[in-house]
Amino acid sequence: MTYLYFPGCSLRSTGRAYEESLLAVCRKLEIPLHELDDWNCCGATAYVSIDETRAFTLAARNLAIADHLPQPDGSDPQILAPCNACYMVLAKTHHFMESNAEVRAHVSTALHAGGMTYTGQTRVRHPLDVFVNDFGIDRIAKKVVHPLKGFRVACYYGCQVVRPFSEFDHPVYPMTMDRLVTALGAESVDWPMKTRCCGGSLTGTIQEAGFRLNRALLKEATKRKANIILTCCPLCQHNLECYQQRINRRYGETINLPVAYFTQFMGLALGIPAKELAIQRLFKPPLSPAPAGKQEIHAHA
Amino acid sequence: MPDTDSSHPLRIGFYICHCGHNIAGTIDVASVAHYAAALPHVSVAREYKYMCSDPGQELIQKDIRDLELNRIVVASCSPLLHEHTFRQAVEKGGLNPFFFQMVNIREDVSWVNDNPAAATVKAKDLARAAIFRVSHHRALDKKHVSIHPDALVVGAGIAGIHAALTLANAGKKVTLVEREPTIGGHMAMFDKTFPTLDCAACILTPKMSAVRNHPNIRLLSYSEVKVVGGYVGNYKVTIRRKPRYIKEELCVGCMECIEACVYKEGKTPDEFNQGLSKRKPIYIPFPQATPQVVVIDPATCIEFKSGHCKKTCVSVCDRGAVDFSQKEETIDIDVGTIILATGYATFDPKRLPYYGYGKYPNVYSSLEVERLVNASGPTAGELILRDGRHPKTVGIIHCVGSRDRNTNRWCSRTCCMYSLKLAHLLKEHTEAEVYNFYIDIRAAGKSYEEFYDKLLEENIHFVRGRVAEVTDWAARPSEEGKLVIRVEDTLIGVVRRVPVDMVVLAVGMEPSADAQDVRRMFNISCSTEGFFLERHPKLAPVDTFTDGIFIAGACQGPKDIPDSVAQAGAAAAQALTLIDTGEVELEPNTAYIAEEFCSGCKSCLGICPYTAITRDEIKGKAFINEALCKGCGTCVAACPSGAIRQHLFEDDQIFSEIDGILADDNLTTAGVER
Amino acid sequence: MNDKEILEEKKWEPRIVAFFCTWCTYTAADLAGVSRLRHAPNARIIRVMCSGRIDPQFVLDAFARGADGVLIGGCHPGDCHYMEGNTKALRRVRALQRLLRDMGVHEDRFRLEWISASEGEKVKTVINDMVERIRVLGPLSLPAHCAQWDAEVGSLERAIAAEQKQADGDAGVQIPSSPPAAVGADQTQESSSLPQHHSGAKPKIALYWCASCGGCEESVVDLAEGIIGLLATIDIVFWPVAMDFKKSDVEKLGDGEIFASLINGAVRTSEQEEMAHLLRRKSRIVLAYGSCAHLGGIPGLANQFNRDDILRYVYEGSPSTVNEEKTRPLVTTQRDTHTLTIPAFHSQVRTLNQVIPVDYYLPGCPPVPRLLAAGLAQLLSDNPPPRGSVLAPDTALCDTCPRKDTKPADLQFTSFSRPHQINIDPAMCFLAQGVVCMGPGTRGGCEAQCINGNMPCSGCFGPPSNVKDQGAKILAAIFSSLKAKDEKGIDEAAGTVPDPIGTFYRYGLPGSLLRRKTMETHTKG
C-alpha cells in the first residue's frame, strides 16, 4: 500500500517539523509514500465559509487526481493528510460528493471543465490511523529502541481529526495517540481536554479569544502533571507552543510545557537522530543534545 | 343453495367500498364498478359507502339470495383487517364463506397514491385479478382447534404478576416463569413511585405474596423457557429450572446460612443493588424476595470452585435445605395461551462517554440512585457518594440515550417523571441544590403535571437544555473537586457551567438484551426498535401476529406502571376470550396431496419444518397430517409434479390472479383511461 | 409496434407483479398505507401466506404475460413465521436469478427483498427504486415479442393459403383456411367430436419429420416385429424416410382423409411449417411425436441465440469454416430462367403446437415403442383419450424408478456433479449421489431406460400435467433442498450446475413459459 502523501501548505511552511519527522518515521517503518502529483491547497476551514462550491471544488481536485492513481493491486487510492484541517476538509468533501447531489453536480461540472473526473474511490487517512491501525501498534512497539520513560504525555488531538468524520476514533474521548505513546514506553495522562478547541486561527485574529482557549488547555495539562503535549496538527502545535510566555504575562500563569509533534516523539523512540526529526525547530525541545558521541534523551523537568 | 360445482355457471357479485373518502376520495369507484360489471361471469357490480357496515353486509346477503350469486368479491380495505368479517357475512347469506375474495384498494392503493387516474387503473387491475381468481375458489370447511385451558406467563415483573393473578382469579391454571431468583422485576428496585410517592415495595409485595399463595399459580422462579412448540391452543413449552442448590420446599428464608457463610463479608457486586454493594456467594436478592428462598451462585462459591469449603451453610441450616448436588431440572407443560411480560433493559450510559459514567465515580444511573435512596438499599437510604461524601449539589440529566439519532430515537416516556421523583427524593434526603436538565418535561399521565407543579415550588432548578458534557476540568477555583455540567440554557440563551457533586443520568428504556432470541423462540415479531410487535398499535396493542400469544408491559414499548398493569389485564382478558370459548377457528389453508399425481419421489419429506409430511410406505406416496400443517405452502412450491396443493392458495387460483393483473395491457398506469 | 413506438405513443409505465408474504411484507405494505407513505403505483400485490409458497413458475408466468418486473417480499432470514419458508424461497430465488440471467432478463427486473412487518418505509423505497430502475431498462413486453415472433409464422401461412387459393381456385375446391397460430399459446384441440376411423378401409397414417435427428423414425422401426402387425391395421400414405410418397401425393388427398399424422421434430424452417400446415389440413388427428414436436427438443436449445448469431457462426465464425467472402445462402436465387428456393430459416425454434393445433402428444427422445403401440391402439379404438392428452403415464419417473428405495427422505445438497465427474453407483438414486436427475419432474413410462444405463434422467418426457414449466418446477424441487441458508453458500452450491438452461430445459425450452432467451442483455456465449 503506497499512500499518496498530501502535505498541505502548512507542512511546507510553519509545520516543517511535522513533515520532516513524518517522512523520517515513514522511512524508518518502510511505509511507502508518494507525494500526490500537482496537489493544491485544500482551502482549509476558512474557504468553505466563503464560497462552498468553490471550496469543495478546490479540495475535490486533489481527490480527483488521486482517483486516477490506483494501487498496482487495484485497490482504492488512499491520501495521507497529516494536517488536521486538510484531513477534515478532504474527508468532508468526499462525504458531500457522495451524499449531496447538488454539490456533486457543481463540482463535477467544474472539474470536467478542467478535464478531470471524480470517481469517489479515494479514501482520506490520517497518520495516526495509518500507524496504529494499518501498520500496527505491536509492530511499532517491537521497533522501539529508546523507550521514552519519564515522559508524561498529554495527547492533544484537536477537534478536526475526530469530528465530525471520526472514521478511526471516538469523537470525544479518542485513544489512538494515547495507545501509541504507551507503546513507545511513555505514560499517557488522562485529561478531559483532548479534543477541546485550540482556537485555530483566532490566535492571529482575535488573540484574546485564542489565548483564553490555549491557556485553559495548557493550564489543565500542567495541573494533570503532564511534562509534554503532543499534537498532530501544525496549527494546534503552533498555538500551544508559541504563546506560552504571552499567556503567562497576561494571566499571571507559570506555564512552561514543550509541545511537539507526535511523529517527532515516535522518531525519538525509534532511534532516529534528532536532527532528522527537526527537533531543533521546536521552541522548547524535549531533549538536550548529549555530549558528543552519546545521544541521551531525558524528560524536560 | 348455490354451493357450486362445474355444472353450475359462475355468478359473481362484485362490491366496491367507498370507505367514506378514504377510497372514493382518490379512486373513481363508479368507474371500477362499471368496469367490473363487464367482466366474464360478473352478475352484479355495486358500490357502497361502507361495505363492512351492517347495511353493506346485508347488501351482499340479499344479492346472494335474490341473484343466486355463487362468488363474491369485495374491493375495500386490507384482507388482514376485514376478510374475516366479509367471510362471515357471506356465510350468513347462505354461501360457503370461502367463495369470497377481497381486493385491497385502500391500504394498497388509495392511501398510497395521489394520482386518481393511476389509482383507478390500479384498482381495476386488482379487481379483475380477484374476479379471475375467485372463479377458481372451492368450497371449504372451517378448521377448528380446541384451546387448552392452562396459560403460561413469562416474566414476573408487575405486568406478569398482574396478568397471572387476573387469569388465576378467573379460575385458570397459570404457570408463571421468572428468570431471576425473585419476582418483582424492576419495580421491586424502585424506592417510591410517581406521582403518589407510594413506596414501591409496599404496593408490590402484597401482589407478590398473592402470587406465592394463589392455588392456581405455579411459580417457577430462577427458571427460563427453553423451547416452544405447537400452535394456538396447543403449545408445548419446555422450561429449564436453574439449580439454586437450595431445596425450595424446605427453605424458610431465615437467612442464617448467609450469616454463617465462610465469607465474612460480600465480595461480589450485588446485582439487585446495581453493584453499589457486595454480596456473598449465598444470598437472597432482597429481604422481601418471593419466593423467600436463598440462592447459591456457583461462579463465586468456594465449594463449587475448589470443592474444599467448610460448608458452614449446610451445618447451620437445621432444615437441611442446602443441597450442593441439586441439578438443573427440565419441565414440560401444555398450555393454550401465552403472555409475554419480559420487561425492559435500561440504556447503558457507558455508551455516552462524555457524561463520564464509569469514569467519574460520582456519576450515577437513575437505577443506582433508586437503590441509594431506598431504605433497604446499600446505604440504608443515606445519600453517600462513592467517595464517601454527601452531595451538596446534584444534577439530574434527562433523556440519556433517548430522543437521539446516535443511540435510541424514541422517548422512553417514564424518565421525566422519575427524574422529577428523584429530584424530590434527593432534596428530601439531602437538602442539596438539585438541578434538572431537560429537553421537554413529559408529564402526560393522571396527576403527573400537578406533581411537576409541586416540584417547581420546592426550589428545584430546571434548566432547559441538552447537556453537552460532564467534565472534571475546573475553569475556576470554585469548580475544583466538582463535576461540571456544561449545558446551553436555552431559555436565557447562555452556555452555563454548573458545578455539582453528583450527577444522575436518567437512562432510557430499551428492549431486553435477548429480546430477539426470545421473540424467535415464540415466533412473534419485533418492531424496528426491537420491542415486541403488537398486532395493531391502536386496536390490538396486546395481541401479536401469532394467535394465542399476547404481550404486556414494557416489553411492548416504554411505559410506566399504570399502563403496564392495564396492558397486563388486557392481555389476560384476550387470553380468557380464547380459553372460555374453548376453541378457535383457523383458516383452512392447509396443504393436501393429490394422490393420483404423487410419484413418491420424496422431494417434499424434508421440506416441512413441522414434520407434517410423511411417507405412506404402503401406498408409496406422501401423506400430509392436516392437524400439523400450518399452511405455509412451501411444500406446494417444491413438489416437482405439482401433486401437492394448498387450499385457498391453489396454483390455478394464483395463476389466474397473475393473468388477471396483466390481462389488460393498457401500457400506462397514469393518464390513459380505459 | 416495437418498444420504441410503444414508449413514444403512450406513456409506458413499468408493470410490476409483487408476491408478498402475509405476516411480514404484506403487513408492512399495509403499514405503508396506514402511514400514508405515497409511492409509485406500478406494483400489483399478490398475497401468499409465506414466501416459501412462491413457485418459480409464478415468476416466469408473470414475465411471460407481460410483467416488466417481479418482486418477492418475505420475512428477514431467521424471522419466518413458518420457521424456514423464506430460506427455501431464497434458495429458489438465487437459482432462478441465475437462470433468468442466462435467459437474458436483466437482473433489476427480478428482485427478492426481506421486509419485516414494521418496515413500511422499506416497501415504499423498494418499490420506488425498482420502478425507476425498470423505467431505465424499458418494457420487457414478452407477449408483444411473442406476437412479433409468431407473426413470421402467420405471414408465411397466409402466403401459402393465398398461393393455394390461386392454384386451386379455378378447380372450385374450397380449401378451408387453417386456424391462425395463437400467440405463444398451446394449441390443443378442445373440440368434443371424436375422430372415428373409416369403417372398412384401413386408416391412413402419415409420418413426417421436421427439425429432428431421425431418432423418432428409428423408434418406429424399433417396433421390430410389431411393425408387421401394425401394418396389417393401417395404411401408411406418407413417410419420407422410408417410402417414396411425395408432397404432391399428400396434396391430392382430401381434407381430413388422413386418420392421423405423426409429426416429429420441432419447427425451424418454412418448409417444416408448410408441411405441418398441409398435414394438419389433410388429417383428422395430428400427433406430436417425440420431444422435439412436443416441447421443442434438443434443437430448442437454439432459442438461446439469435438467427443472426447462428448463421454468422455457421457460415463465418466456426473454427472449421472457410468463407472469406462471407457468403450466405439466400432463400431464392435465379439461375437462368429457373427460380431456386430453399426453405427460410425461422428466427425461433417452435413446438408443433405453436404452429398448428395438435391433438395428442407422444413424449420421449425418442418415444418408447411400447407407448407408441399402446398410443396408436388407443387412438384407433372406440374410446380414444381426451383430445390434448399426452399418451404417457401422468406420474413422475420416480414412481417406477428401480432406485427409488435408495433415495433418502431428508436429502440436502451441498453441490452437484455432472455424470462424468464421479463414478456413479449403479444401485443408488442419482440425486442421493449429488447428480442432477430430472426424474422427479418428468413423466414416467419410458421404463427408466436411462436409469438402467446408469445415466440420470434428463427430462425428455416432459412434465406431468399439473406442471406448466418443467424446468422451473424441478429447479424449485431440487434447490429447496440445498443445505446452505445464506446467499454465499447457496450461490456456491447452485454454481456447481454450470448450465441451468441446458440442464433443466434440455428438451423443453421452446415449450417453456419464456420460450426463448429474450436477448435483452447480451451475455457471452
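How much area is buried between domain 1 of chain A and domain 2 of chain A? The area is about 2,200 Å², and carbon and sulfur atoms give 65% of it; buried area here is the accessible area (1.4 Å probe) that two parts lose on being put together, summed over both. The structure is a predicted model, in which local features need pLDDT of at least 70 and side-chain atom pairs count only at pLDDT 80 or more, while totals for chains, interfaces and linings use all residues. Residues are numbered from 1 along each chain as its sequence is written, chains are lettered from A and ligands numbered from 1 in the order in which they are written, and side-chain values use heavy atoms, with hydrogens and water left out.

Chain A is divided into domain 1 (3-125) and domain 2 (137-296), with bounds that come from an automatic or database domain assignment. Their C-alpha centres lie 25 Å apart. The contact between them (heavy atoms within 4.5 Å) takes 27 residues from domain 1 of chain A and 26 residues from domain 2 of chain A. Of the area that domain 1 of chain A buries against domain 2 of chain A, Tyr18(A), Asn84(A) and Tyr87(A) supply 29%, more than any other three residues.

Two salt bridges are counted between these two domains of chain A, a salt bridge being a side-chain nitrogen of Lys or Arg within 4 Å of a carboxyl oxygen of Asp or Glu. In chain A, the side chains of Glu167(A) and Arg123(A) meet in a salt bridge with an N to O distance of 3.6 Å. On the side of domain 1 of chain A that touches domain 2 of chain A, helix H1 (16-29), helix H4 (84-99) and strand E4 (123-125) each supply at least two residues. The largest share of that side, eleven residues, comes from H1(A). Helices (H or I, at least four residues) and strands (E, at least two) are DSSP runs, numbered from the N terminus.

The description now turns to chain B. Its average pLDDT is 93, and 97% of the residues score at least 70, where pLDDT is the predictor's confidence in each residue, from 0 to 100. Over residues 667-674 of chain B, however, pLDDT stays under 50. The domain assignment of chain B gives domain 1 (12-140), domain 2 (144-242 + 328-343 + 512-586), domain 3 (256-316), domain 4 (348-509) and domain 5 (591-647).

The C-alpha centres of domain 3 of chain B and domain 4 of chain B lie 33 Å apart. Between them, these domains bury about 610 Å², 68% of it on carbon and sulfur atoms. Asn273(B), Gln274(B) and Leu276(B) supply 77% of the area that domain 3 of chain B buries against domain 4 of chain B, more than any other three residues. The count of salt bridges between domain 3 of chain B and domain 4 of chain B is zero.

Where chain B meets chain A, eleven residues of chain B are in contact with eleven residues of chain A. About 950 Å² is buried between chain B and chain A, 49% of it from carbon and sulfur atoms. Pro353(B), Lys359(B) and Trp473(B) supply 55% of the area that chain B buries against chain A, more than any other three residues. Four salt bridges are found across this interface of chain B and chain A. Asp472(B) forms a salt bridge with Arg224(A), with the closest N and O atoms 2.7 Å apart.

Among the two pairs of chains that touch, the most contacts are between chains B and C. Chain A and chain C do not touch, and their nearest C-alpha atoms are 17 Å apart. In the pairing of chains C and B, 77 residues of chain C are in contact with 74 residues of chain B. The area buried between chain C and chain B is about 6,500 Å², with 57% given by carbon and sulfur atoms. In chain C, Arg15(C), Arg44(C) and Arg53(C) lose the most area to chain B, together 12% of what that side buries. Seven salt bridges are found across the interface of chain C and chain B. Arg44(C) forms a salt bridge with Asp125(B), the closest N and O atoms lying 2.9 Å apart.
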